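Student: I'd like to learn how to read a structure I have never seen before. Could you walk me through it, one feature after another?

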Amino acid sequence: MANVKPAEGKLGILVVGCGAVSTTFMTGVLMARKGLAKPVGSMTQYDKIRVGKGENKKYLAYGDIVPLTNLNDIVFGTWDVYPQNAYQAAMYAEVLKEKDINPVREELEQIVPMKAAFDKNYAKRLDGDNVKDAATRWEMVEQLREDIRSFKEKNGCARIVVIWAASTEIYVPVYEPVHGTLAALEKAMKEDDREHIAPSMCYAYAALAEGAPFIMGAPNTTVDIPAMWEMAEKTKMPIAGKDFKTGQTLVKSGFAPIIGTRCLGMSGWFSTNILGNRDGLVLDEPENFRTKEVSKLSTLETILKADKQPDLYGDIYHKVRINYYPPRNDNKEGWDNIDIFGWMGYPMQIKINFLCRDSILAAPLLLDLCLLSDLAARAGRYGIQRFLSFYLKSPMHDYTKGEEAVNDLFKQYTMLKNAIREMGGYEADEEID
Ligand SMILES: NC(=O)c1ccc[n+]([C@@H]2O[C@H](COP(=O)([O-])OP(=O)(O)OC[C@H]3O[C@@H](n4cnc5c(N)ncnc54)[C@H](O)[C@@H]3O)[C@@H](O)[C@H]2O)c1
């Protein structure tokens with residue numbers, strides 16, 4: 001394997017937020033390593049990649065190409081504004097049945113949330129009191145750094161990864177004077193600029209400062225700003241984000257290439273869904289929904305490009321709606337109506353109805369993102385990890401250098417496979433498998 005440090009010792013996975021997604025993820029990993037459940041949907045656990053060509057070709061699991069952390073070496077920790085342990089939170093979330101939680105109940109009960117770095121202005125619908133008392137954003141950072149250090153020491157971890165699976169914060173547009181450089185960001189943290197420094201930025205900064213990769217699973221702008229890219233560069237740590245690509249957007253990024261590849265036209269795509277979990281409750285607040293909307297809308301325009309094909313994609317009406325509807329809890333139902341046109345402009349319609357389970361789709365992504373970010377750190381890769389775009393709704397890219405987001409699921413898969421090949425010392429290629 002090419003210059004990748006081995007995955008020796010324990011990997012501490014610190015999940016921000018102890019809600020539906022994070023407890024489904026933790027429970028699944030703990031059950032899988034007891035042999036009581038299968039980690040379905042996880043590429044690192046199931047997928048095989050072709051390496052070599054012609055007579056020399058072989059299909060290998062990721063762990064046979066690169067040194068990945070074994071599930072048995074993972075230790076979980078978390079932060080949340082509510083004090084309930086991971087067992088209580090998993091029961092509250094009602095994603096998994098009791099019979100799928102109870103065999104690991106004792107382990108989950110040991111996972112007790114540390115006090116959250118929280119600001120109610122960023123998620124008005126939450127009112128837990130397991131919250132840090134910090135005079136400034138900078139103090140928040142220092143307390144989080146202390147949490148990471150003591151977790152690492154107490155649990156004998158060799159490495160840490162921090163992943164955000166907490167509620168979506170209100171929309172924080174990129175504000176150049178604060179987010180443009182690391183020096184400006186640090187200054188604003190010290191001056192307690194609460195308008196431009198979201199709590200999530202404190203987690204990200206603390207993780208990077210402690211030598212841990214940071215992954216943003218919600219659509220928050222947190223690490224999608226030049227100041228954090230600079231921090232990642234300075235600390236030589238990987239960052240990834242943003243927003244787990246689970247249900248409707250997964251379908252979109254897999255389906256839109258069908259239209260684009262065949263040079264069919266599109267006049268509109270209307271996506272709506274109902275969900276009733278706490279995520280849905282937070283997103284019911286317009287300022288929080290705005291963050292999600294920006295993320296969800298970005299997918300189509302990079303797959304069906306108006307400037308490249310103005311006749312076909314010059315006038316797409318793209319709309320995304322999320323409706324909070326408690327009876328469905330975590331079982332989100334998504335509807336997509338796609339208006340396309342063909343030969344001589346004749347219109348057609350496609351309807352997709354996805355009755356999904358949000359956290360069941362998200363959990364394997366958390367596992368892969370954590371294992372692959374840890375791998376990237378050991379391989380000396382730092383900054384934005386574009387090869388992880390595959391897992392993300394609104395993949396980060398350095399727009400100051402004219403980079404474009406890659407949203408096409410199949411292009412993203414090629415990027416993922418090639419990064420694994422390269423880290424394993426094999427040649428990257430795009431040959432059809
Ligand atoms: N499930 C999916 O398919 C999916 C897909 C993409 C993104 N996401 C995102 O993942 C996140 C988690 O979703 P969920 O369904 O588990 O939500 P959830 O409401 O069940 O859990 C989120 C938890 O985060 C906690 N929290 C909020 N702010 C915090 C802070 N500053 N520090 C620590 N904890 C904090 C909340 O108290 C809550 O317990 C959401 O942002 C959601 O938008 C989910």
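Tutor: Let's begin in the loop between β8 (238–240) and α11 (248–261), where Lys242 sits. Keep in mind that this is a predicted model.

Student: What kind of peptide bond runs from Gly241 to Lys242, cis or trans?

Tutor: The general idea comes before the case. Most peptide bonds are trans, and most residues other than glycine have a negative phi. The bond from Gly241 to Lys242 is cis here, with its omega near 0°.

Student: Is Met344 buried or exposed?

Tutor: Exposed, because Met344 has 5 C-beta neighbours inside 10 Å. For that label the cut-off is 12 or fewer.

Student: Next, helices. Which residues of α8 are buried?

Tutor: In α8, residues 182–190, they are Leu185, Ala188 and Met189. Now look down the axis of α8: the buried residues fall within an arc of 100°, so they line one face of the helix. They pack against α6 (137–154), α7 (176–179) and α10 (226–235).

Student: How many residues are in the largest nonpolar core?

Tutor: That core has 117 residues, and those with the most contacts inside it are Val162, Ile163, Tyr203, Leu366 and Leu369. Its largest share comes from α15, with 13 residues. Both domain 1 (10–244 + 359–423) and domain 2 (248–355) give residues to this core, so it lies between them. Apart from it there is another core, of 10 residues, including Ile259, Leu304, Leu312 and Tyr313.

Student: Which residues does Tyr203 touch?

Tutor: Leaving out residues up to four places away in sequence, Tyr203 touches Val16, Ala117, Leu144, Val162 and Trp164.

Student: You mentioned domains. How do I read those?

Tutor: The domain assignment of the chain gives domain 1 (10–244 + 359–423) and domain 2 (248–355). Their C-alpha centres lie 25 Å apart. The contact takes 28 residues from domain 1 and 25 residues from domain 2. On the side of domain 1 that touches domain 2, the residues divide into 12 nonpolar, seven polar and nine charged.

Student: Last one, the ligand. How many residues surround the ligand, and which are closest?

Tutor: There are 36 residues around the ligand, and the closest are Gly17, Gly19, Val21, Ala218 and Arg278. The elements that give two or more residues to this shell are α1 (20–33), β4 (74–80), α12 (278–283) and α15 (358–378). Of these, α15 gives the most, with four residues. By class, the shell has 20 nonpolar, 11 polar and five charged residues.

Student: Why does the ligand lie between domain 1 and domain 2?

Tutor: Check who contributes to the shell. Domain 1 (10–244 + 359–423) and domain 2 (248–355) both give residues to the shell around the ligand, so it lies between them.

Methods: Residues numbered from 1 in each chain as written. Predicted model: local features only at pLDDT ≥ 70, side-chain atom pairs only at ≥ 80, totals over all residues. Near = placed C-beta within 6 Å. Nonpolar A, V, L, I, M, F, W, Y, C, P; charged D, E, K, R; others polar. Domains from an automatic or database assignment. Core = buried A, V, L, I, M, F, W, Y, C linked by C-beta atoms within 7 Å. Buried ≥ 20, exposed ≤ 12 C-beta atoms within 10 Å, placed from the backbone. Contact = placed C-beta atoms within 7 Å. Arc of directions from axis to C-beta.
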